[in-house]
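Me: I have a new structure to look at and would like to talk it through. Could you help me find my way around?

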Amino acid sequence: MIHNMKKNSNKKINNLSVFDKNFKEILTSQLVSISGGLIAGIVLAVYTDKIFLIPGMLILLPGFLEMRGNISGSLASRISSGLFLGVIKTDKINTPLIRGNILASFLLAVLVSFALGTVTFLLNFLAFRIFTPEIIIIAIIAGCLANLVEIPLTLLTTLYIFKKGYDPNNIMGPFVTSTGDIISILSLLIALVIV
Amino acid sequence: MKKVTEHLEKLKGTPRKKHHSLIDEIHTEHRISKKTLFYIKEYGPKSNVPRTIIRESVLILLLASAVSSLGGFALERIKVTFISLMPLVVLLPALNDMIGDYGVIVSSRVSTMLHQGKMRKNWWLDKELRKLFLQILIIALITTVLSVLVAFFASKFSGYSTSIYTTLKIFFIAILDVLIIVNILFFTSLKAGWYLYKKEEDPNNFLIPITTSIADFGNMVLLWVLVRLLF
């Protein structure tokens, strides 16, 4: 009887082991990540008539949102590695390595924005016979605006988190995706107003 | 100690592409981590930092953008129906983030398990993998249900009203979309990871770009299919 009870309780523990430390960590980071996505989605829904007025915006949008995470995520990861290796110091921002990282991230963003705009323009023209060259300009302006905010924000947050004794690798992923989404949608809106 | 600094200065001063053997030498002789030496090699004074970063990242970034654009192209074809379903518009960035994140989590965990020799060919015999699969599925369900609820609440607040039938269909689309993509990501990671490992390649370098591209493209295409089928 006691043996059976022990067996049952072991079974219960095994079943419960799905909800372990990893489960909590993944769930928490996901909740942070989706909260940014949802805020961005709400902004998108509120300004649907403006954002989706230009043909091809749904082609541009997914790549544009992903670009932020890819570029700033890699930047945060490179800075974190440098911090852990002692090559980058939290109190010395104006170094060739950090300047190089900022410049590379910005140039990559401009290049990818241009590519995204061009692909959108071509797909629009070839599939729907709609001629919208302004989508390339919108993509570049929005890319520049988003990065002017996102790159310094990523850099300073990574340095701050490390200075406070936390591992930026665990925090910067969800941070970059959530802030990136909001900043990207707002930049797109501003670019639409400008163009 | 002087010899270490001399060695490191030599490493810093050597052109970027020419000092792999020196890394091994310094690592063996002075027990400095290869990661530190690699970082010094990649971003030393003789290396053009922006050029190195751009050259190594540009192709994969352009490829990822092209894949995402193709996914977006599927949605553009049903634009009118899609934007009339406000909760789905609210959900779009969150779904993209969520699914991409699951791709990264599964890929990195599978890569680590392969390197540690913890993974078997028949994954269902592996307790740790079964647990990871269950964890991701449960978390995906929780976060999707929460996201859909927030999306409906936000839409309602903006004056959007809909029938219970449409509400259920949107719930169904979001949950089915996430569950199908999570399954595809999991099995792709396992199969591709195992294949790459057997070919003596590092799965870390391939799995994340593969799974994130599948996540982005798959999510858009699946949304397109489900919206077309149900609306």
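Reply: What follows is a walk through a predicted model, taken topic by topic.

Me: Now some pairs of helices. How do α7(B) and α8(B) cross?

Reply: The axes of α7(B) and α8(B) come within 10 Å and cross at roughly 150 degrees, which makes α7(B) roughly antiparallel to α8(B). The crossing is a right-handed one.

Me: Which residues meet there, between α7(B) and α8(B)?

Reply: On the α7(B) side they include Phe133(B), Ile136(B), Leu137(B) and Phe152(B), and among those they meet in α8(B) are Ile170(B), Phe171(B), Val178(B) and Phe186(B). By class, the residues of the contact of α7(B) with α8(B) divide into 14 nonpolar, two polar and no charged.

Me: What about α6(B) and α8(B), parallel or antiparallel?

Reply: The axes of α6(B) and α8(B) cross at roughly 25 degrees and come within 9 Å, so the two helices are roughly parallel to each other. Their crossing is right-handed, and the contact of α6(B) with α8(B) has 19 nonpolar, five polar and one charged residues.

Me: Switching to chain A for a moment, how do α5(A) and α6(A) cross?

Reply: Helix α5 of chain A covers residues 96-128 and helix α6 of chain A covers residues 134-163, and their axes come within 8 Å and cross at roughly 150 degrees. Since angles over 145 degrees count as roughly antiparallel, α5(A) and α6(A) are therefore roughly antiparallel to each other. The crossing of α5(A) and α6(A) is right-handed, and in their contact there are 16 nonpolar, eight polar and no charged residues.

Me: Okay, the core next. Which residues touch the most other members of the largest nonpolar core?

Reply: That core has 106 residues, and those touching the most other members are Phe64(A), Val90(B), Leu91(B), Tyr102(B) and Ile136(B). Its largest share, 16 residues, comes from helix α6 of chain B, residues 86-115.

Me: Tell me about Phe64(A): where is it placed?

Reply: Phe64(A) sits in helix α4 of chain A, which covers residues 57-85. Phe64(A) is buried, because 30 other C-beta atoms lie within 10 Å and 20 or more is the cut-off for buried. Leaving aside neighbours within four places in sequence, Phe64(A) is in contact with Leu116(A), Ala139(A), Ala142(A), Ser184(A) and Leu188(A).

Me: And what is Leu91(B) in contact with, beyond its neighbours within four places in sequence?

Reply: Leu91(B) is in contact with Gly41(A) of the other chain, and also with Ser147(B), Val148(B), Ala151(B) and Ala174(B).

Me: That brings up the two chains together. How many residues of chain B are in contact with chain A?

Reply: There are 51 residues of chain B in contact with 53 residues of chain A. On the chain B side, the largest share, 18 residues, comes from α4(B), and the residues of that side divide into 31 nonpolar, 13 polar and seven charged.

Me: Last one: where does Asp202(B) lie?

Reply: Asp202(B) lies in the loop between α8 and α9 of chain B, and Asp202(B) is exposed, with 12 other C-beta atoms within 10 Å. The C-alpha atoms of Asp202(B) and Ser111(B) are separated by 7.8 Å, although the two are 91 residues apart along the chain.

Note on methods:
Residues are numbered from 1 along each chain as its sequence is written. Chains are lettered from A and ligands numbered from 1 in the order in which they are written. This is a predicted model: local features need pLDDT of at least 70, side-chain atom pairs count only at pLDDT 80 or more; totals for chains, interfaces and linings use all residues. Axes are lines fitted to C-alpha atoms, for helices over the stretch in contact, and angles run from 0 to 180 degrees between N-to-C directions. Helices (H or I, at least four residues) and strands (E, at least two) are DSSP runs, numbered from the N terminus. Angles under 35 degrees count as roughly parallel, over 145 as roughly antiparallel, 65 to 115 as roughly perpendicular and the rest as oblique. A crossing is left-handed if the near helix is turned anticlockwise from the far one by less than a right angle, and right-handed if clockwise. Ala, Val, Leu, Ile, Met, Phe, Trp, Tyr, Cys and Pro count as nonpolar, Asp, Glu, Lys and Arg as charged, and the others, Gly among them, as polar. A nonpolar core is a set of buried Ala, Val, Leu, Ile, Met, Phe, Trp, Tyr and Cys residues joined through C-beta atoms within 7 Å. Two residues are in contact if their C-beta atoms, placed from the backbone, lie within 7 Å.
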